[in-house]
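Here are a few notes to read alongside the structure.

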Amino acid sequence: MLLIKRFHSSIQRIAHVGKAHQPGDSFSVKGWIKNIRRLKNNIFLDINDGSTSSRFQIVLPRDSHTQKLTSGTIVSAQGKIQVAPNGHYELHADAVESLADGHLQDGFPFSPKQKHPPEYVREHLHLRSRIDSFAAQMRLRHKAQKIIHDYMDELEFVQINTPLLTTNDCEGAGEVFRVQPDSQGLLKQMSRPNVPLDQSYFDHKVFLTVSGQLHLEAMSYGLGNTYTMAPAFRAENSKSPLHLAEFYMFEAELVHLKDLEDLSGFIEKMLKTTTNRLIEASGQDLQFCQVSADAKQDLPWLNVPWPVLTYDEALNTLIKHKDSFTTPISQNEGFTKEQELFLVAHCKAPIFVIDWPVQQKPFYMKVSESNPQRVHALDLLMPSVGELCGGSLREDDVSRLSTHPQLPKDLAWYVELRKFGGVPTGGFGMGFERYLQLLTGVKNIRDVIPFPRYPHGCRM
């Protein structure tokens with residue numbers, strides 16, 4: 001065990017060079033050769049180990065051994081840190097070992113010196129972590145998740161691992177994936193009287209989850225404030241650059257919550273705080289992603305208050321400008337993305353739209369006492385992506401909930417939560433990939449998740 005520890009501590013990550021080393025320090029590194037420049041006496045290797053979007057230069061003497069190195073080769077190098085003429089640190093190597101040939105000339109689809117369009121890169125999912133901009137996107141994704149987890153932990157929220165398999169359709173829209181064993185033999189073996197054969201494994205229909213909200217509510221009634229960061233699944237026939245069949249949802253449930261203003265305030269503070277922390281922790285990767293996406297590098301919404309509009313106020317604003325839209329304005333459905341982005345531009349800031357019509361929202365949202373045609377719900381609309389968060393106060397009136405016409409028949413347990421010492425709760429969900437799009441300016445949501453799943457697209 002001691003030998004393993006010593007081995008790992010001897011190899012250092014390129015991202016740490018400038019933070020923990022001075023000229024003259026010994027340094028050992030492993031990485032992929034991204035580019036080679038050969039001069040008369042020396043060879044210069046640009047290498048990357050996946051820890052940073054910056055490449056690190058290794059200088060080594062030109063000889064028969066180093067002359068054989070090629071782009072894509074994995075090398076291990078040891079030497080001394082020095083300062084290059086451009087002011088960056090570089091490694092003057094005493095020893096370089098070739099660990100594996102890259103074989104880039106044998107059909108590798110990406111040219112080291114060429115910028116490839118994301119549609120082409122997406123055709124090679126198993127290799128796209130070798131693309132610098134995508135690697136930066138994945139590091140940023142990792143750091144954003146960690147910062148959100150740390151922030152919620154500071155506020156003493158309890159993380160709940162909500163199930164992926166469920167009997168519930170939380171949103172009630174029917175956009176669910178059915179789950180059952182593929183083996184007919186197993187289904188026949190487990191069959192029971194009065195249970196359809198295709199349901200014999202669980203004894204009823206089971207789906208991939210569309211949201212962890214209902215399970216969070218169950219946990220919050222005993223634990224207090226809770227949250228989850230988990231996959232969600234929607235069976236939509238959408239090829240939109242903002243939709244996936246499998247995506248990650250950050251969801252939170254707050255207890256003793258009686259006012260939408262408190263919920264919107266929590267969301268705004270959470271997003272501003274975690275985003276500022278992400279900029280501080282991973283500003284280089286964020287900027288690299290923005291430049292690669294030809295996106296703006298400032299996030300002005302961090303420095304302005306986010307106004308609140310009622311649904312009726314937002315609708316009236318859209319009607320006044322109806323000639324500006326290519327999509328019709330419907331009072332029976334939500335706003336289109338075009339209309340959402342117009343409202344954001346009109347207000348010159350992200351906006352919360354609150355107090356939505358009952359018929360547009362799910363059964364669990366609390367009905368307004370002053371106007372039974374409205375529910376205490378909110379949507380957060382942001383630049384470039386439109387809706388980022390959706391949330392509400394939860395209906396805590398047992399009689400009203402139990403008689404709701406859209407209440408699914410198998411949710412007696414959900415009503416029972418209110419029966420045994422219920423507390424007023426509220427919460428929200430945020431599409432994590434849309435959040436990353438908002439930050440980086442990446443146009444297609446399939447490029448901010450490692451392995452995208454969408455209609456007609458589920459590879460690997």
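1. A quick definition before we start: two strands count as paired if DSSP finds at least two bridges between them. Bear in mind, too, that this is a predicted model.

2. Let's begin with β7 and β9. Strand β9 covers residues 206-208, and two bridges tie β7 to β9, with the two strands running antiparallel.

3. β7 and β9 belong to an open sheet of three strands, in the order β7-β9-β8, with antiparallel pairing. Which strands stand at the edges? They are β7 (165-166) and β8 (178-179); each has a single partner strand, so one side of each is left without a neighbour in the sheet.

4. Next up is β2, which spans residues 42-48. Is β2 mostly covered or mostly open? Mostly covered: six of its seven residues are buried, where buried means under 20% relative accessible area.

5. On one pairing of β2 we find β1, residues 26-38, and these two strands pair in the antiparallel sense over six bridges. A hairpin of three residues links β1 to β2. To spot the pairing, look for arginine 37, which stands opposite phenylalanine 44 in β2.

6. β2 also pairs with β3 (residues 56-61), again in the antiparallel sense and over six bridges.

Methods: Residues are numbered from 1 along each chain as its sequence is written. This is a predicted model: local features need pLDDT of at least 70, side-chain atom pairs count only at pLDDT 80 or more; totals for chains, interfaces and linings use all residues. Side-chain values use heavy atoms; hydrogens and water are left out. Helices (H or I, at least four residues) and strands (E, at least two) are DSSP runs, numbered from the N terminus. Buried means under 20% relative accessible area, exposed over 50%, partly exposed in between (1.4 Å probe, protein chains only).
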